[in-house]
Amino acid sequence: MSSGLQHRFMFGVNGEIRHNVDFVEDAVISYVAGHNLVFYDQMEKRQKFIHGRESASGISSVALCPNKKYIALAEKGDTAAIAVYNIRTLRKFKNLHYDKWSTKEVVNMAFSADNQLLLTLGGAPDWTLVCWNWNKAKVLSYVQVSENFPLYQTSFCPLDASVACVSGKDRLSFYRVLDNELRVIPSSTLTDTNVLCHVWMKQPEDHLVVGTDEGELLVYEKSSLLCKLAQSPKNMGITSGDGDASSFSGPIRIESLVAVSKGFIAGCSNATFRLYSLVTDRPASATDMFQCSCTWSVNDHNSEIMSMSLSPNEDSLVAVLSDNQIVQCSMVNPNNVKNEDVKDVMCKFHGPGAITGMDLCVRKPLAVTSGMDKTVRIWNYMDFKLEFFKQFNEDPLSVAFHPSGLHLLIGFADKLRLMNVLMDDIRPFREVSIKMCRECCFSHGGQYFAAVNGNIICIFDFYTGEKVQDMRGHNSKVKGLTWGDDDSTLISCGQDGAVYLWNVAKGTRIGDFVQKGIMYNCAIGNNEHIWAVGSEKMIRQLELPDMNTKVVCDSDVPLGQIILSHSQHAMFAVTAVDRKPGCVRAYAFPLGGEYLEYPCLGGPVTRMRITHNDQFLFVADDVGNLCVFSVKDKSDKRSLTGGKTDSGAMAWSEEVLVTKSDLEEKHALMQELKNKVDELALHNEYQLRLKDMNYTEKIKEQTEKFTQDLEQDKNKFELLSEEKNDMEMEYEERLKQMDEKHQHQLQELEGSYQQKIMGEVERYQHQCHERDLQKDRWENQQRMLIQTHEKYVAELTEDFEQKLDEDKSLRITYEEEKGDLQREFDEVKMQLEDDIDTEIQNLRAKYDQQLAAEREATLRFKGENGIMKKKFTVLQKEIEDQKEEIKLLLEKEKELHEQIKALEREIQAHKREIKSRDDTIGEKEKKIYELKKKNQELEKFKFVLDYKIKELKRQIEPRETEISNMKGQIKDMDKELETYHKSNAQLDLMIGELRAKLDSMQKEILGQRKVIGDQESLMRRCKSELHECAQVIQSPKDLEEKISKLYKQHVQKNATLQKNDVDNAVQDEYARHHEFLEKTLQSLKIKFAKDVKAHKSINVALMQSNIQIIQEISQQRDANKMTKQMLAAKLGDYKLRRQRDNTPNTTSPRLSSSNSIGDAGAIQQLEINKKRISELRQVVKQMENEIVNSKSNKEGGILPSLN
């Protein structure tokens, strides 16, 4: 093989499988998609795969081992098959096979908590529960659970691995797992209850929660029914019609359950999650032991939550929906989860329904797909993500991508639409009246596109939208279209078994191949050959230009699509067998019959495409799954996807389409945001300056306060240090007294304890004397016991010696009896041997005679056997020949049946045409009969009319004279009409000129508005610059420089206005209107100029007054500072004098009086300054109010308020 495939990415999930998703790690989830088990890493955005068997019909169940090291996979087929895989290596670890199984699929599987056992629940017809020691691939026990009713789930108890549970319709059974049997545990029976799911709780540990199809939640303790929860959907009266997610009403079904640390989560049939928390306080009744603490749902989904899984840290929940979607929500705060927290794990997939169309772009790494879910999706196959999708009101039947990547061609039931691909939307720009177009494609250059209208192929010019050719020739629906390399030819195939090669320019057939009774699904070609696949289970190679069959490659199954790589190193085909997984076959090219098969999808493959650079292969099925393969070219000894791109390869284009309205909106929005940013910047600068001023004042106040507090603290510290010294002296004296007292007490205690020790020594000596006495007494007793024991032992030995002598005598007598018996036995034995020898000789003679007879019979039977073998070989050859003839006859019979069906269809179609034609013939005969009747009546009237005609001819002559007069009048009227038309044309010209003048006037008005806006911005700038000048008002030099800069920037010479000449060629009525508009405009201009001048003069006056006021305020602040300094100095002198003079008599009256007079003058001066400052602030406020009232805009005063 020159090329191979490798699975790269899978878009989709099998939503019909229960318990389909699990967390392998914190960021790795596993789920079934197509015919693969996918491991998706959410951090690295990568996928790994475990592929199903080629002979299987699909994956039916998955179970993850609790230690996260192994995973079990069950597949459907003629007999169900189970395999255990190592997750780290992704290789098969064990195959589990049970000979007594007759089931075709495994419904559910579960591992035990100790990772040793595996439970498998078989499907119809036997519904067998099997317990495996999966590590040894050994069946431990099995039992038939049900006969007629379906079962859904099985599980082990997490606390006790010997307890298993099975749930289904009218059944919830508990079993004890033993070595050789599954023993039923007595439990509460269920009637008329369809149990869809169950889960073992984490807390309380021995409880089981069960969900039903009517929305009930049942709680079991061990194996007995404890209660029905009061807050289950059924008891709360919630139906599917109450939520926004569903459009039908009915009971909510509990489809899946998952346990959390203190409760459980229920997944319902209306795409709603319900979190039930365990009540910590003891409830009044068991029905209230779980309360619904939070409810959230998946927006815009009318589906069921088929399976859920919680991450090991319980911070994330992943769920698979029945419409083939995977969603995830954060569970960090489980009691506050909202609908907006539910997000897609990767992106939104197709489903449910088939992918009807697919195409790839040449200039961009994009792929487009259309599905029966009424969506068209655009995928990026370099980043493996969904760019965006568009929802329609009807199902798109086909789709094609323009090579530029800027346009799409989509076929709907009513029309074929051309659409533009914008940044985040798809918008139509042209429609073609072709209904039910299921096949369409662009040419390689993009100048043409072909579309199928029933059995007609239509070629259109993409840029003009005009139809170029109609290609007629197919008798049935066209199933495949392929453009030639140079866009001059087109290959088509259809249900009529025809493969045609067309000339696009002429619309004629260049070559054709017809095989009746065969349906061709796809046909491709190059300059030398054409390949076609269909229902004939082979790849047919046709040689150009004669279209003769050159090579036929058997495929054993029908093929749906075929494609040839652009490098022509490999050919890829896909299988299309109903209810079988779709597989991709990589054939060696040129075709030799060898291929490699890659299972990928869960159903028949509907579409297949390869990228222009032969890097990726895309495959889609009728379930909604999309699989991406990377193509490996073994002849180049590198992967096309993994290796570096060629230096001459064309880079991907980055151009996108944007409408003018969207662009203008974006520009307008950007301009508004820029203006807002500028305004906010000015406002922030102003606020920052105000805050700086406030903070400087606060800092000064805080520093003053801090210095005062520091002085007070210093004084306190001195006082505390003195108190500390005093306390130290007192405590030293106390310690000395305590030491003396303790020494005296210690001496007294030493004397008392010495007396006690002496008493204890005497007592010890007395006890030692008593011990010696007891020791002597025990030694005497021990000697006595030893002597008595020795006497007893001697007596026993004498008794046993006597008994031994008696036993020896008995033994001698028994040995003599034994010798007598042995001699008798030998004599009997000799006699028997002689008798047996005589009998053996007699029997040997007898059997020798029989053996000779048997040998003669065997020789005779060998001869007969040789004759029978020859006959048998002849009969086998005849049977094989007859089998081959039967096969040929069966194939012929199938072909004949297919031909008969096709002919029957044609007969029915002809019968319909005959009926319709008979109906039309009958109607036409009725019409002919009626027309004959009318003809007879008309002949009767003919005679009467002839007579009337003669009379009317006599009356024609005077009427002709009147007609000639009327013609003259008509000519005069025509002349008048011509004059009116001319006058109307002149008036139209005048109206056009006036409209042009009106447009020019509107442009001038817009220009004036712009001038006004510029002046307002100039005023804002002046205000900000004046505010900057006010900051340096205390330094005259800086103020003078900034004011001179302001003058140079803003004072300019008046520009002369240009006046437009008035057109004098307009008629009076329109001229008056024009003059009136000009006069009003001039008056508005004059008024505007006056307003501007007045506004400027007011602004200048306000600026001058503000400057004067600011100067006065700064002078007043300087004076206040000086007075404060003087007061502080005087107060300091006063305090020093008071400290120096301890007695009040030392101060002179003159000094005190002078100080008091000075203090009073300073205080009066401060009060006068404060009043002056308050008056100035009121003046500033009045001026700011006048500015606010005078201006029409929202701006405030020129200078900010000083408050």
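Student: Which residue in E4 does Val32 stand opposite?
Tutor: Val32 stands opposite Leu37 in E4, and please keep in mind throughout that what we are looking at is a predicted model.

Student: How do the two strands run, and how many bridges join E3 to E4?
Tutor: Strand E4 covers residues 36-41 and runs antiparallel to E3, with six bridges joining the two. The hairpin of E3 and E4 has two residues between the strands, and Gly34 takes a positive phi near 65 degrees there.

Student: Is E3 largely enclosed or left open, and why?
Tutor: Strand E3, residues 28-33, has six of its six residues buried, so it is largely enclosed by the rest of the structure. Buried here means under 20% relative accessible area.

Student: Which way do its residues point?
Tutor: Val28, Ser30 and Val32 point one way from E3, while Ile29, Tyr31 and Ala33 point the other way, and all of them are buried.

Student: Switching topic, in what order do the strands of the open sheet with E6 come?
Tutor: The order is E6-E7-E8-E9, four strands that form an open sheet with antiparallel pairing. Strand E6 (58-64) and strand E9 (91-96) stand at the edges, and each has a single partner strand, so one side of each is left without a neighbour in the sheet. From one strand to the next, the twist averages 25 degrees.

Student: And how many bridges join E6 to E7?
Tutor: Six bridges join E6 to strand E7, which covers residues 70-76, and the two run antiparallel.

Student: Where is the place of Val658?
Tutor: Val658 lies in the loop between strand E57 (638-639) and helix H1 (660-1031).

Student: Buried, partly exposed or exposed, which is Val658?
Tutor: Val658 is partly exposed, since its relative accessible area is 41%, and partly exposed refers to values between the under 20% of buried residues and the over 50% of exposed ones.

Conventions:
Residues are numbered from 1 along each chain as its sequence is written. This is a predicted model: local features need pLDDT of at least 70, side-chain atom pairs count only at pLDDT 80 or more; totals for chains, interfaces and linings use all residues. Side-chain values use heavy atoms; hydrogens and water are left out. Buried means under 20% relative accessible area, exposed over 50%, partly exposed in between (1.4 Å probe, protein chains only). Two strands pair if DSSP finds at least two bridges between them. Axes are lines fitted to C-alpha atoms, for helices over the stretch in contact, and angles run from 0 to 180 degrees between N-to-C directions.
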